[in-house]
Amino acid sequence: MLTAVAYSAERLLLSPDWRDAIDDVLMHLGVAARVSRAYLIQVDPPDTGYRATQLAEWCAPGVSSQFENPTLRGASLADTGFARWIGLMSSRATVHGVVSTFPEEERVELTKQEIRSIAAFPVFVDGEWWSFIGFDDCVDEREWTAFELDSLRAAAGMLGAAEQAGRAETRRRDAEIRYQQVVEQNPAVTYTESHHPEGGRFTFISPQLHELLGSSPDLPLGDRDWWWAHVHPEDRDEVQLANRLSFSRGTDFDQTYRMRTADDSWAWVRDKVRPVRDEDGQILYWQGFLVGVTDRVETEERLREAEARFRAMVERIPAVTYTDHVGSDGITVMGFVSPQIEEILGYPPQRFLDRGDLWFEIMHPDDLARLRAIDAFNNSDLEPFEHEYRMRHTDGHWVWVHDRSTAVLDENGELDYFLGFLTDVSSRHDAEARLREAELTFRTMVEQNPAVFYIQGIDPDDPTRSLTRYIGPRAEQLTGVPVEEMIADPDLWRTMIHPDDREMVFEADASSNTDGSDRFALEYRMIRRDGITIWVLDEATLIRPENGAPYWQGFQLDITGRKEAEQRLQDAHEHLRVMVDSALDAVVSMDVNGVITGWNPQAETTFGWSAEEVVGRSLVETIVPHAHRAAHSEGLRRWRETGEGPVLNARIEIQGLHRDGRLIPVELAIVPVAVGEETSFSGFIRDISDRKRAQEDLERALEVEREAAVRLRALDEMKDTFLQAVSHDLRTPLAAILGLAITLERGDVGLLPEETRELAGRIEHNARRLERLVTNLLDLDRLARGVLTPAFEPTDVGDLVRRMVAESDPSLRDQVTVSAESVVVPIDPPKVERIVENLLVNAVRHTPAGTSVHVSVAAIPHGAMILVEDEGNGVPHALRERVFEEFSQGTDAPQPSPGVGVGLTLVRRFAEMHHGRAWVEEREGGGASFRVFLPAVHPEPAAPLQPAVSFRG
């Protein structure tokens, strides 16, 4: 029996129309229940007397059909003896039992139908008794078991759910029809597109495509390439790329571009597409809107777009069957939940059986409070429960459900349990909400729009006249005449036209009604009731319904402000012309292509051309010097593409070309001027020849004075720096040598041989420091005088560096690690030795105690690289050039510090003398990495080496 009920539920709830499945369902239920006859009888509402009409029937072999029985062809149940059944079934009770025990007035008809035992179950739809499903046993007087009654009652519930779903589907189709009507009246082209990562195919395009482009919607539906072939070639690549990115990423597509119309002109359109997704986030299809925006692009005016979004998702989910049992403590527990609960809410049925409070826990708090406020969950109330509320799905979203529950009584009339049916009605709620939103949007658009919307019919007696049938509430604000008055007198609008414009307007009205045109657009004046004259823009479209007379649907927009602005602009132009003609500066105007459109008298004086000679000619071929013509043309091209120019709205000095070929220094200011749809450029030009000559004389005198001051200041600063460094750095080692020598000279100091050698070594160390200092200063002087020239010879740089480290001071040598390859390049060995010596001394000075100095030589492309690296604090990026300057020391040099700050200067100068370079970088792991590059090939000397030349890589 349960198998038959489950099969029936599936057939009824999943079939597009339950009527297609009812015969099969009755057969399965009848066979499973072992009855003679199964049928469905519809019961009309009470105001018709509860008339019964049999809709479907199944009979076992040998059992007579009751389809032709007059009692079941619209007769009243009360008149045929079944008044008791009306009372029972309208309160959701079941009629069942042996016919011989029924009242006499019922047995008469039931006996005629050869029924010995019967079970009939009411079917409720939308809370109303709609029909009942019956099962006859014409063989035995059987007593129906509780299991049989529960199973067949469940089937009745499923049938009610199926009818409920069918009615919901009918309402959904009605909503779709209303949406299609809205789409067809919408000025935008509405379309849908299938989903594909590279861009799908069109599945629907509204008829407005013909109005926008003059093409039939069938063309792009049949050929996707048609669309791209009609996109402007300059826009096509960008739009196709944006289309592919949107479709592959699942993001909105919003592009403005040009499309070819049927008359081979170009129309600007705004194409906006967004994905429509299911509840799992998967893209179902793409919904698009195409709006003509040619006027907005060309006039740079933004028009309000009306976008309608439509999203249709209808899920038909089988109803959930459940039972609630009330315990002795009054608490309700669930006895059974069908598997469909997991499809609707995501929870397995066992979760509700294990937790009796889960049902109320996932119910929306607002709905739970509302139902408790009306005591809807009172277990003692045996009236049917039928409500809609929200429940939270396992993924967090809310599901609207329709819950119908009926009290099932036992044989003693006591509550046995509650039998309920739960169906998902989220799609209906969503559709109703969208419908309300669409209606509100349309109403708000009409009532709040500054334009006056109207509908005019064509006078059947005089087709040259249009009569007002509807006009929006904004009409009174525009004209001062109440809307009711204009509706009452359809001809009243004609009297409000300005007398000077009436002939033109009436002629245009008559022509549009009779020449087959579908569009009307005109600007004219009207006289308000208060006598004020206003300008209006009147546009309308002829609507041709299939079953009715054509009519005009249009709007009027107050454009008085725009007309007044146009007049003021015309007056301003005249005033500006007088000002330009009397200006002391040359004023030259040109269009966006560089053609001269204006030339005032001062321009004739400045450049030698008359206005008659230059107006209409290109500016670039008249007063633009040859050297600037390419830049002038490029600037105009860039402005046309981007609307930007580097010299606009700024005052610059440049040269102009006189008619006689002279170059004139001028002061120039260029200002773009937008007038209506056109943009031009006005140039204000002043001849500054006299001022430039005076300025150049003054600048030459100032430059001579400035250079002399700089040279003197540099010499003074170098002198102070040199004296300060030398006075300190010569005195320090001399003082050490003097002190140590005195110590050795004294005879009263008993020194051991080791101590004597140590003192002598320290004297030697300080003497070498003095020698390096003096040598560096002498080399710097010879470099400055240009008397130091290199003598290159092939040398193993690696061997030279190893020898230099080995021969260095023991205190220095102990800190140095060497890794030197053998690299032979042409060098001046003494100069390279000085490079290595100065880098080692500099590294030891800046290396913390206990750390190492790393020296390496490596062969690199085109030469050899010497690296001297320390583990100190490194050289900040801002000082990496400054440390190579004369008399400059690093910020972390110890105090007092030996040297006058010329060691690194000589390193760089000697490197550059070798046509190489010296620089410093950050060492990996911390510290400074000083690097010297010595090239393998030297250029042929073209002139004596200059002392101040600096090589930069």
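The sulfur of Cys 59 lies 8.2 Å from the closest cysteine sulfur, that of Cys 138, which is too far for a bond. A disulfide needs a pair of cysteine sulfur atoms within 2.5 Å. Across the whole structure the search finds 0 disulfides. Cys 138 is likewise in no disulfide. Cys 59 is partly exposed, at 22% relative accessible area. Cys 138 counts as buried, at 19%. The cut-offs are under 20% for buried, over 50% for exposed and partly exposed in between, with a 1.4 Å probe and protein chains only.

This is a predicted model: local features need pLDDT of at least 70, side-chain atom pairs count only at pLDDT 80 or more, and totals for chains, interfaces and linings use all residues. Residues are numbered from 1 along each chain as its sequence is written, and side-chain values use heavy atoms, leaving out hydrogens and water.

**Helix pair**

Helices (H or I, at least four residues) and strands (E, at least two) are DSSP runs, numbered from the N terminus. Helix 1 (residues 2-14) packs on helix 2 (residues 22-33) at an angle of about 175°, and their axes are 9 Å apart. Axes are lines fitted to C-alpha atoms, for helices over the stretch in contact, and angles run from 0 to 180 degrees between N-to-C directions. The two helices are therefore roughly antiparallel, a label for angles over 145 degrees. Contact means heavy atoms within 4.5 Å. Helix 1 brings Ala 4, Val 5, Tyr 7, Ser 8, Arg 11 and Leu 12; helix 2 brings Asp 24, Val 25, His 28, Leu 29 and Ala 32. The contact residues divide into 7 nonpolar, 2 polar and 2 charged. Here Ala, Val, Leu, Ile, Met, Phe, Trp, Tyr, Cys and Pro count as nonpolar, Asp, Glu, Lys and Arg as charged, and the others, Gly among them, as polar.

**Sheets**

Two strands pair if DSSP finds at least two bridges between them. Thr 53 has Arg 73 in strand 3 as its bridge partner.

Another open sheet has 5 strands, ordered 8-7-11-10-9 and paired antiparallel. Strand 8 (202-205) and strand 9 (253-260) stand at the edges with a single partner strand each, so one side of each has no neighbour in the sheet. Asp 254 stands opposite Lys 272 in strand 10. Helix 9 (residues 233-249) lies across strand 7 (189-193), strand 9, strand 10 and strand 11 (283-292), at about 150° to strand 9.

Strand 31 (residues 863-869) is mostly covered, with 7 of its 7 residues buried. Ser 856 has Leu 867 in strand 31 as its bridge partner. The hairpin of strand 30 and strand 31 has 2 residues between the strands, and His 862 there takes a positive phi near 75°. Gly 863 stands opposite Pro 935 in strand 33.

| Strand pair | Bridges |
|---|---|
| Strand 2 (residues 51-59) and strand 3 | 3 bridges |
| Strand 9 and strand 10 (residues 266-277) | 8 bridges |
| Strand 30 (residues 853-860) and strand 31 | 7 bridges |
| Strand 31 and strand 33 (residues 928-935) | 7 bridges |

Terms used:
Parallel < 35°, antiparallel > 145°, perpendicular 65-115°, else oblique.
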